[in-house]
Structure formats: C-alpha cells, structure tokens
Amino acid sequence: MKNDEKFISTANIVLIMAFPLLASLVVFYYNPTLGAVGIAISIILFLFLKSINTTKAKELQKYVDDVSYSFDSITKNVVFEMPFPIAIVEDDRKIKWHNSFFRELFPNRTLIGEEIDHLIPDLSEIEFDNEEIRTSKNVNISDKVIQFYYSTIFADDHSKGQTFLYGIDNTYDESIKKLFKDKRLVFYSVFIDNYEDIRNSSASDVRPQVLGEIDRVINEYFKKYNCLIRKYENDRFMILSEYQDYKNIHEDKFSILDKVRDIDKGNALPPTLSIGVGIAGANPSEIYSDSRDAINIALSRGGDQTVIKLEDNYEYFGGKTKAIEKTSKVRSRVISQALKRMMQTSPDIYVMGHNNPDMDSFGSALGIYEGAKSMGKQAYIILNEVTKPIENMYARVTEELEELTDNILTEEEALARISPQSLVIVTDNHRKNSTEGPALLDRTDNIFIIDHHRRGKDYIKKATISYIEPYASSASELVTEILSYLDENFKARTPVAESLLAGITVDTKNFVYQTGVRTFEAASVLKRWGADSVYIKRMFKDDFEIVKYKSEVIADSFMVNDFIAVAHFNREIDGSTLIASQAADDLLNIKGVLASFVLTRANNKIHISGRSLGDISVQLILERIGGGGHLTAAATQLDMSMENAEKMLRKAIIEYIREEEENESNTNR
C-alpha cells in the first residue's frame with residue numbers, strides 16, 4: 001500500500017471537523033439559517049470522511065491478511081524444504097514431527113512419539129524450556145557430526161511448550177579441526193636421571209653395552225610412534241611427534257619408563273628416565289618451553305616419571321619408585337654459596353615452614369635462622385601457632401636461645417616489617433598456600449625454597465632458587481648440608497643442632513624410612529655440633545592422652561582391598577594431626593598392611609595422613625585429591641565432611657590399584 005493511501009483514524013477525523021463545527025455554531029448564534037447550513041455541511045463531511053476511512057481500513061486489513069497468508073505459506077514451504085534435519089519436540093520431550101533429513105539420521109526406527117533423550121542422549125542435559133540459556137550441542141551420529149540448535153515456544157503461560165529442533169552438518173568442519181589438532185606438534189624433553197651413577201658404577205667391560213642399550217630402547221620406542229629423535233647430550237634427548245601419535249603414547253601410559261628401568265646388562269643400578277611433555281603452546285617455541293617446565297617438575301619430584309603440561313594443569317605418569325640418592329654433594333655446596341650471597345645482600349631475612357608445623361618444618365627453619373645469625377643478619381622465623389608436635393622443641397629453644405622469642409613473628413607482624421628487598425626462605429614446603437605466611441611471598445621477589453617433597457603443580461613459581469631434592473630424608477637434612485658449607489668455622493648452637501636432628505628423626509621414623517648415606521652423614525655433623533640423642537628421645541615422649549587416642553584410632557581401623565588400612569580420629573583437638581600421622585605409622589606394624597590412611601579434623605578441615613612401606617605410593621593416591629608428599633609419606637586437607645572425604649579417599653585408592661593392575665597386566669602381556 002502506498003504512503004498516500006494510508007487511512008485516517010476516527011480520532012483524527014474528529015479533530016479535523018472540530019474547527020468547522022465550532023465556526024458553524026458561532027454563525028448559528030447570529031444567523032440561525034446560515035449556521036444550520038454550516039452544521040449540516042460539517043456532519044455530511046464527517047460522514048463522508050468516516051466512510052472513506054472505513055473503506056481504507058478494510059483494504060489495509062485485506063492487504064495484511066494476504067501478506068500473512070503468503071508468509072505462512074512461504075514459511076511452511078521453507079521449513080519442509082530446508083536441507084537439514086528438523087524435528088518438533090513436545091513438552092514431554094517426545095518427537096511430534098520431523099522432516100525427511102531427520103529421518104535419514106535414524107533409518108529403520110520409529111521416530112514419532114520417541115523421546116528425544118533416548119534417540120540423542122547428548123541432548124538430555126539441555127533444558128529446552130529454560131529461556132535464560134540458549135546453547136547448541138555437537139552430536140556424533142553414525143559418521144556425521146551434527147550441531148543441534150533449538151527454540152521453544154509457549155502459546156500462553158499454561159500451555160505446553162513445543163521445541164523447534166534443527167541441526168547443521170558440521171562433519172567437514174569438525175574433520176578439519178581434528179586434522180589440525182592431530183597434526184599439532186608435541187615436544188618431549190627426555191633425560192636419563194642417573195646417567196653418571198650408572199656409568200661410574202658399571203664395570204668397564206659392560207658399560208658400553210648398558211649405555212648403548214638405554215639409547216636403543218629409547219630410539220626403538222619413540223620410532224614406533226613416528227617420532228623425530230635427537231640426542232644432544234649423553235643423557236638428554238629432544239623428541240618431536242604429531243599429536244595423533246602422542247595420543248597413542250599417552251594410551252600406552254609411557255611404558256618406556258618401565259622398559260628402561262628393566263634394562264639389565266650387568267649394570268649395578270637400574271636406569272630411569274624423566275620425560276617432560278609440552279602440548280598446549282600456541283607455537284613451537286611455547287611448546288618447547290612447556291616441555292622444559294614439565295621436565296623440571298619431573299626432576300624435582302625425584303625422576304622416573306613423565307610430567308605433561310596441559311593448558312592450566314599437569315598430568316603425571318610413573319613416580320612409583322623411591323628417588324635415588326645423589327652421591328655427589330656439589331649441588332649442595334653450590335646452593336649453600338648461593339644462599340650465602342642472597343643473605344649478604346638482603347636487609348632482613350624471613351624464614352618459614354608449612355602451616356601446622358612439625359619438627360622438620362620448625363627444625364629446618366631454626367637451622368636457616370642460625371645460619372643467618374652467624375652472618376650478623378637480622379632474621380625472623382614466621383610462626384602463627386605453636387602446635388602439639390613442636391611444643392617440646394619450641395619450649396627448649398626459646399628457653400635456651402634468649403633472643404629467639406623476639407625474633408619469632410606471626411604473619412601479620414611480619415607483614416608490617418617486610419620490604420621488597422627482604423629475603424624470604426621457605427623450608428619443608430614449596431606450596432604458597434601451605435606456608436605460614438602466604439602474603440609475605442607477594443611482598444618480595446627474593447624467595448629461596450628448600451624442600452624434600454616431590455614438587456606439585458601449585459608450587460611457588462617466582463622463587464629465585466628452588467632447592468627441591470626428593471631423595472633427601474627431610475628438609476633438616478638438606479639444611480644441615482647447606483650449613484656445613486656456609487662457612488668452614490660454622491657450628492650451630494646445641495639446641496638448634498638437636499632441633500635439626502629431631503627433624504631428621506621424625507621424618508625418617510627413627511632412621512628407618514627414606515634414609516640414605518647422606519642422612520647419616522648429616523646426623524654425624526649434628527652430633528659433632530653437640531646434638532644429644534637422649535634429649536631428642538625425650539622430645540618424642542607422648543602424653544598419656546595421645547597414646548590412648550592412638551589406640552582408639554587403631555581399634556577403629558578397617559581394611560580396603562585387604563592390604564590398605566583406613567581409620568578415623570573424629571575429634572578436633574590440639575595435636576589431632578600429630579595423632580593421625582603417628583597412628584598411620586603404627587598401623588604399618590600390622591601384618592599384611594602395606595599402606596595406611598588416617599582421617600582427622602583440624603582447623604575445620606579434614607586432614608588425611610598417608611603412610612606406606614614403599615610398595616604403594618601414598619603420594620600418588622593423595623595427589624588425586626589435592627595432596628602430596630613422598631612415596632612412603634603424604635598428606636592432604638579437604639574442606640568437606642568426614643564421610644565425603646572418606647568416599648574421595650576410597651575412590652582414589654581404588655583408581656590407583658586398578659591402574660597398577662592394568663600396568664602389571666600390560667607388562668606381562
């Protein structure tokens with residue numbers, strides 16, 4: 001309809017006729033005859049305009065009806081002729097209608113009345129009637145990838161909804177994406193962990209065979225997966241593959257670790273590999289950098305494992321063997337001198353262990369404090385709470401070292417003093433949120449880490465130097481070595497030496513677990529500094545209540561898979577974590593128990609202590625639920641109920657055992 005044919009509304013006609021009608025009434029007052037003629041003309045004109053308006057309105061309605069009919073007809077034809085699958089789903093999620101393209105996706109099936117969720121299970125998670133969420137879903141049907149969209153219509157508030165479901169064939173696009181992904185580069189950094197030890201410990205007549213066999217096994221394994229292999233040092237390889245081949249290696253669970261470990265050509269030590277994998281980088285340089293980050297973590301966790309760096313996480317394979325003790329102390333000496341230089345150039349030093357400190361955490365912190373004081377530096381120990389495990393140690397050192405009480409600060413007190421030039425030293429821990437003062441790490445970039453736990457994904461990334469040696473029995477052992485190289489005339493005061501020896505003793509369970517030659521050498525140094533073993537024995541004396549509580553925990557224990565003991569200490573008291581860890585140790589004394597876990601309450605969280613004899617890695621089990629530690633000793637904290645924590649622990653244990661059985665089956669096949 002043209003613009004000049006638009007009709008005039010009745011209200012507008014009244015407004016138009018108002019003026020002549022009023023004029024006629026005025027004329028009627030002075031001349032009734034002439035006024036009556038004007039009024040009559042006005043009425044006739046009004047009726048004429050109204051008649052025209054009615055005609056135009058009918059014509060407009062007819063035009064609208066014609067357009068609506070044409071649109072409905074076009075819409076129906078378009079819907080029926082659309083070259084992609086379409087279905088209408090009723091409110092009960094049953095198919096009411098579909099076109100022939102939808103039928104072609106499901107041949108030989110009756111579709112009308114079929115529930116869409118049974119037909120396409122991937123759509124069951126979509127709420128069609130949720131107007132706030134509009135999404136699409138890629139669905140694999142036969143050899144096609146269909147992306148389904150939907151729109152739900154309600155006639156009124158009380159009527160059932162009807163969903164218009166239509167799909168776009170994305171098979172070609174998805175195949176291109178898959179091809180692009182499969183052809184992506186994956187970079188592997190491969191190190192032989194103990195190359196020098198194997199070379200030095202093997203007899204001269206078998207040494208070439210051993211080293212040659214290691215190279216042969218590595219080359220054969222990766223060539224099988226179409227990899228490019230380059231050896232650039234005696235113990236280091238750079239390897240490249242496509243992502244599609246990496247998936248096969250991943251499915252094989254990097255069995256190369258076992259193949260290399262099983263090499264026996266007369267070598268005294270089993271060789272082990274560390275592998276760092278980068279897959280998520282945007283370009284080759286980033287992928288290579290990711291693999292280097294991953295290999296550093298693998299090495300700091302003790303080697304004999306693969307670490308894969310994902311976009312914002314890490315994945316681990318292996319790590320089931322004890323870290324091999326390094327016979328050379330060169331690195332310890334170098335680290336000691338590096339620490340000395342950092343101390344000399346810092347105005348003040350802040351030393352802290354982990355929260356809920358134990359004897360190793362507090363003892364190693366005391367050792368670093370003593371080294372700083374011997375250099376004339378202002379040093380502080382960060383301690384928020386004197387926990388049950390360190391009560392005896394704390395009482396002894398604060399009584400005999402007069403200045404120590406003034407130099408022990410809480411996190412809040414330290415924050416008021418620290419400056420960007422200050423040095424923060426973290427002992428017996430490498431995780432920011434597990435330290436006594438996480439906020440201190442944000443105030444300075446001068447951070448030094450000394451730890452013996454296998455590195456986890458949430459490590460302190462901006463540390464200047466990280467001295468993480470999983471082979472070591474304790475942080476106190478590492479600190480003792482560092483102090484012995486700090487200065488040839490250095491000698492720790494007796495209470496500090498005894499605290500360091502107590503730290504080694506508690507972490508080795510009286511020199512039984514994770515104990516090597518260097519552990520006893522560190523102990524001998526501490527004995528020369530005046531440490532009294534009898535006094536340390538007194539430190540470990542338990543109150544009658546603690547002994548009674550440990551007996552309750554053991555009586556409450558039950559078995560999982562016949563060789564793993566699990567128990568609860570369902571009390572939140574001072575020293576609950578100490579009781580849990582000691583009870584876990586005692587459970588290992590039971591015949592047939594290879595590993596133990598004790599759950600307890602601490603600081604409104606559930607704390608789990610795990611211990612093993614070495615056949616089972618409690619570290620790998622607890623890493624599945626956010627924890628970490630060693631092969632034989634690990635722990636975690638969970639913010640949930642005791643019941644849910646036990647369910648998570650059981651699941652982690654079962655998954656670990658299942659994977660072990662699968663690996664053993666694959667090895668024996």
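Which side chain meets that of Asp258 in a salt bridge? In this predicted model, the partner is Arg261, and the N to O distance of the salt bridge is 2.9 Å. Both residues belong to helix H9 (residues 256-261), where a spacing of 3 residues means that they are separated by about one helical turn.

The pLDDT of the protein chain averages 84, and 89% of the residues score at least 70. Confidence is below 50 over residues 1-5, a stretch that has 4 contacts in the model beyond near neighbours in sequence, and pLDDT also stays under 50 over residues 665-669, for which the model has 0 contacts beyond four places in sequence. The secondary structure comes to 22 helices and 23 strands, and 46% of the 669 residues count as buried. Among contacts with a separation of 6 or more, 63% are accounted for by residues 24 or more positions apart.

Side chains of opposite charge can pair when their charged atoms come close. The structure holds 28 salt bridges, one of which joins Glu220 to Arg216, with the closest N and O atoms 2.8 Å apart. These two residues both lie in helix H7 (residues 207-223), 4 residues apart, which is a spacing of about one turn of the helix. Glu220 is partly exposed, with a relative accessible area of 47%, and Arg216 likewise counts as partly exposed, at 37% relative accessibility. The pair also belongs to a network of salt bridges that links Glu213, Arg216 and Glu220.

A further salt bridge is found between Arg611 and Asp585, whose closest N and O atoms are 3.1 Å apart. Arg611 lies in strand E21 (residues 605-612) and Asp585 in helix H20 (residues 576-587), so this pair ties together parts that are 26 residues apart in sequence. Both Arg611 and Asp585 are buried, whereas Glu220 is partly exposed.

The protein chain exposes about 33,800 Å², of which carbon and sulfur atoms supply 52%. On this surface Leu21, Leu22 and Leu25 form a nonpolar patch, with about 270 Å² of accessible area together. Leu22 is found in helix H1 (residues 10-30), and this residue counts as exposed because its relative accessibility of 55% is over the limit of 50%.

Notes: Residues numbered from 1 in each chain as written. Predicted model: local features only at pLDDT ≥ 70, side-chain atom pairs only at ≥ 80, totals over all residues. Heavy atoms only, no water. pLDDT = per-residue confidence, 0-100. Contact = heavy atoms within 4.5 Å. Buried < 20%, exposed > 50% of the residue type's maximum accessible area, 1.4 Å probe, protein only. Areas by Shrake-Rupley, 256 points an atom, 1.4 Å probe, with all protein chains shown as cover. Patch = residues over 30% accessible without salt bridge, like charges linked within 9 Å, V, L, I, M, F, W, Y side chains within 5 Å. Salt bridge = Lys/Arg side-chain N within 4 Å of Asp/Glu carboxyl O.
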